Amino acid sequence: RYVDQSFYSHAINVTGETHSYVRKRYKRYEKKNWDKLEIRIIDQKNYSDISKEYMSLHVKDSGKIHRPIETFQAQLELINQGEGFVVQVIDKTIGVFVGMLIVLYNKNSAYDWSVAVDPDYKNEYVSHLMKWKTIQHLQEIGIKYYELGLASIVPSYLIQPNDKKYGISHFKDG
């Protein structure tokens, strides 16, 4: 009598070999853009309040304000409490934030929590760089499993992906 609400997700084992399984094209994107953009890890050790910057980037990415600043502050407070980190991408030439990815972790597992990318930088493959750096950091801190979120494979009773969701799923699969 219950509705099955389970779903497939993109999950990987984080090992020293993880980067070798990345699509060759994605490796080219990473190499091409690594020097153009600065990539930082923000964690409990170097945390400062970046909620306004993250909200601004999120609004630019989505096209409108979906929620108040307090929700962004609450999300980022988890970083301050040592439960995750932020991968932050900055355009080196003008010093602006062009991407941020919040990753939460507990014990041996990590999860993509929230992400925003400046749409003006879609051709710079910012998401690819953030995932690459995330995997590097997870290797460094000893996290063994990384879940990237819902896999859009086929429509179901509860989940009807659109073309954008299928594209995101294809990216995460690579």
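The model on screen is predicted, and local features need pLDDT of at least 70, side-chain atom pairs count only at pLDDT 80 or more, while totals for chains, interfaces and linings use all residues. Residues are numbered from 1 along each chain as its sequence is written, and side-chain values use heavy atoms, with hydrogens and water left out.

**The whole chain**

Begin with the protein chain in cartoon view, where there are 5 helices and 6 strands, these being DSSP runs numbered from the N terminus (helices are H or I with at least four residues, strands are E with at least two). Followed from the N terminus, the elements run β-α-β-α-α-β-β-β-α-β-α. Of the 174 residues, 39% count as buried, where buried means under 20% relative accessible area, exposed means over 50% and partly exposed lies in between (1.4 Å probe, protein chains only). Among contacts (heavy atoms within 4.5 Å) between residues at least 6 apart in sequence, 67% join residues at least 24 apart.

**Helices α2 and α3**

Next select residues 51–62, which form α2, together with residues 69–80, which form α3; the two helices pack at an angle of about 120°, with their axes 9 Å apart. Here the axes are lines fitted to C-alpha atoms, for helices over the stretch in contact, and angles run from 0 to 180 degrees between N-to-C directions. By these cut-offs α2 and α3 are therefore oblique to each other. Show side chains at the contact, where Ser51, Lys52, Tyr54, Met55 and His58 of α2 meet Ile69, Phe72, Gln73, Gln75 and Leu76 of α3. The residues of this contact divide into 5 nonpolar, 4 polar and 1 charged, with Ala, Val, Leu, Ile, Met, Phe, Trp, Tyr, Cys and Pro taken as nonpolar, Asp, Glu, Lys and Arg as charged, and the others, Gly among them, as polar.

Ser114 counts as buried because its relative accessibility is 11%. The side chains of Ser114 and Tyr54 are joined by a polar contact of 2.5 Å; a polar contact is a pair of N or O atoms within 3.5 Å, and within protein one must be able to donate a hydrogen and the other to accept it, while residues adjacent in sequence count only if both atoms are side-chain atoms. Apart from neighbours within four places in sequence, Ser114 is in contact with Tyr54, His58, Arg67, Gln75, Met100, Leu101 and Ile102.

A polar contact of 2.4 Å joins the side chains of Asp112 and Tyr146. Not counting residues up to four places away in sequence, Asp112 touches Leu101, Ile102, Val103, Lys131, Tyr146, Glu147 and Leu148.

**Two loops**

Select Lys144 in the loop between α4 (126–141) and β6 (145–150); at 43% relative accessibility, Lys144 counts as partly exposed. The C-alpha atoms of Lys144 and Asn13 are separated by 5.8 Å, although the two residues are 131 residues apart along the chain. Neighbours within four places aside, Lys144 contacts Ile12, Asn13, Val14 and Asn108.

Finish at Glu17, in the loop between β1 (9–13) and α1 (24–33), which is partly exposed at 48% relative accessibility. Glu17 and Gln139 are 122 residues apart in sequence and 9.9 Å apart in space, C-alpha to C-alpha.

Technical notes:
Parallel < 35°, antiparallel > 145°, perpendicular 65-115°, else oblique.
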